[in-house]
Amino acid sequence: MSEKTATLDLGETKVEFPVHKGTIGPDVVDIRKLYGQSGRFTYDPGFTSTASCESKLTYIDGEEGILLHRGYSIEDLAEDSSFMEVAYLLLNGELPTPDDYDDFTRTITLHTMVHEQLRELYRGFRRDAHPMAIMCGVVGSMSAFYHDSTDIKDPEQRTIASHRLIAKMPTIAAMAFKYAVGQPTLYPDNSLSYTGNFLKMTFGVPAEPYEVNPVVERALDRIFILHADHEQNASTSTVRLAGSSGANPFACIAAGIACLWGPAHGGANEAALNMLKEIGHPSAIPGYIERAKDKNDPFRLMGFGHRVYKNHDPRATVMRKTVREVLGSLGVDDPVFDVALELEEMALNDDYFIEKKLFPNVDFYSGIILSAIGFPTSMFTALFALARTVGWVAQWNEMIEDPDQRIGRPRQLYTGPVQREYLPLEKR
Ligand code: ACO
């Protein structure tokens, strides 16, 4: 894969590196031999210029606002595909035939129930536990329940673990919700779609029949598609790093959930909606924009800006359209949506945001839809985790199968004390 070379001139030595070409996107300079040949490390906190792996799953062009999964644009997938089809595509590399699709959805459906004893774990949490706290714990605990799919060297066990994670995540997330509101949990209903089943487990009660609203089902399925994968983001890199040590897949996905929880990543959808509610009225927007621009104020516009997208986030565009559909269909007139539209308009015309190339990201509008459907803000990131499990699992499998894969072990620029003499306590 390498044709060109790049030379680094360090004065006393020159080091030559291969330059690899991808199918699209920037070339990468392969610096693996740098330390061996020069005794130097590279320094790249936040990995802004570092490709940590080779991948065939997802391509992002942040300058042009392009997101492709296995070559298919996110706009086409969000418009015409389904979350289960995208899951198949990410895991297998190609779109399924009708038979493949039926087999795959049936397989996932057959794994929707969780071990009965795993249900007992919930009772150990406080009722006001954040759903992400429960998800971290419960998903990690799956390693203790599904021993027959933790041997990462066995491709069949890896496949079963992947299917289990994708299938059980809606059950686990819905149970976290039910536990918090003090309602009985529902068992999965395998006559429903993946997303319809999740809606029923979340909003249904045993005493009443539950009918899935097709507009809500389609909108939520689309939100899942938009969150399915996003190349080497923080949580995916966490899953890969955890997996690089040979940890079992359930432990790796639990690590991804922990990373996703942060407000700079998956927690931003919750933070964005809270911010829009706090703004409350379009007249208050200029004050918040001024705060976001003030270097002495830690406030940031949540749902704005992205490490990779320096043009529009294509997922935000689809999301904005979906908000209109859902609010229209549910007959909800949400003033928060008006605040969001106005805030977007004002920020996009403000020199600070133009100069720093800050655009609404996927999380800016998703909270409005989820809230209209009836999810409390604390569930937003859990829904993100549910959808991203597909990407995490696909990336984890790709990593395990990569012959170049080694344990992830970055180095550092040490700036602490040099070696010094230890003085016993009584002499200090
Ligand atoms: N509001 C105001 N200013 C911002 C914002 C924002 N939302 N985002 C970035 N900036 C400014 C920074 O202050 C910085 O200014 P400076 O160069 O004068 O210091 C500049 O833009 C670059 O910001 P960084 O934090 O260096 O950019 P980085 O790529 O590290 O961060 C991030 C990206 C974390 C997404 C950031 O834009 C942010 O905090 N946004 C709000 C949180 C959010 O919406 N996160 C969701 C991300 S998408 C996802 O996880 C699905």
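Leaving aside neighbours within four places in sequence, Glu16 is in contact with Thr5, Ala6, Thr7 and Gln37. This residue belongs to strand S2, which covers residues 14–20, and the C-alpha atom of Glu16 is separated by 8.8 Å from that of Ile31, a residue 15 places away along the chain. These values, like those that follow, come from a predicted model.

**The chain as a whole**

The chain contains 18 helices and six strands. Its radius of gyration is 23 Å, close to the 22 Å that the globule rule gives for 428 residues, and the chain is therefore as compact as a globular protein of that length. Along its principal axes, the C-alpha trace spans about 75 × 65 × 55 Å.

| Helix pair | Residues | Packing angle | Axis separation |
|---|---|---|---|
| H6 and H7 | H6 131–141, H7 155–181 | about 135° | 10 Å |
| H12 and H18 | H12 268–279, H18 380–401 | about 150° | 7 Å |
| H9 and H17 | H9 214–227, H17 363–373 | about 150° | 11 Å |

For the pair H6 and H7, the packing angle is about 135°, which means that H6 is oblique to H7. H6 passes H7 in a right-handed crossing. On the H6 side the contact is formed by Pro131, Ile134, Met135, Val138 and Val139, which meet Leu165, Met169, Ile172, Ala173, Ala176 and Tyr179 in H7.

For the pair H12 and H18, the angle is about 150° and the axes lie 7 Å apart, so H12 is roughly antiparallel to H18. The crossing of H12 past H18 is right-handed. Here Asn269, Glu270 and Leu273 in H12 meet Phe380, Thr381 and Phe384 in H18, and the residues of the contact of H12 with H18 divide into three nonpolar, two polar and one charged.

For the pair H9 and H17, the angle is again given as about 150°, with the axes 11 Å apart, and H9 and H17 are therefore roughly antiparallel to each other. H9 passes H17 in a left-handed crossing. The residues Val216, Leu220, Ile223 and His227 in H9 meet Asp363, Ser366, Ile369, Leu370 and Ile373 in H17. The residues of this contact of H9 with H17 fall into six nonpolar, two polar and one charged.

**The annotated segment**

An unreviewed UniProt entry lists residues 364–387 as "transmembrane region".

How values were computed. Residues are numbered from 1 along each chain as its sequence is written. This is a predicted model: local features need pLDDT of at least 70, side-chain atom pairs count only at pLDDT 80 or more; totals for chains, interfaces and linings use all residues. Side-chain values use heavy atoms; hydrogens and water are left out. UniProt positions are given in the numbering used here, feature names are shortened, and annotations may be inferred rather than shown by experiment. Axes are lines fitted to C-alpha atoms, for helices over the stretch in contact, and angles run from 0 to 180 degrees between N-to-C directions. Helices (H or I, at least four residues) and strands (E, at least two) are DSSP runs, numbered from the N terminus. Angles under 35 degrees count as roughly parallel, over 145 as roughly antiparallel, 65 to 115 as roughly perpendicular and the rest as oblique. A crossing is left-handed if the near helix is turned anticlockwise from the far one by less than a right angle, and right-handed if clockwise. Contact means heavy atoms within 4.5 Å. The radius of gyration is taken over C-alpha atoms; the globule rule is 2.2 Å times the number of residues to the power 0.38. Ala, Val, Leu, Ile, Met, Phe, Trp, Tyr, Cys and Pro count as nonpolar, Asp, Glu, Lys and Arg as charged, and the others, Gly among them, as polar.
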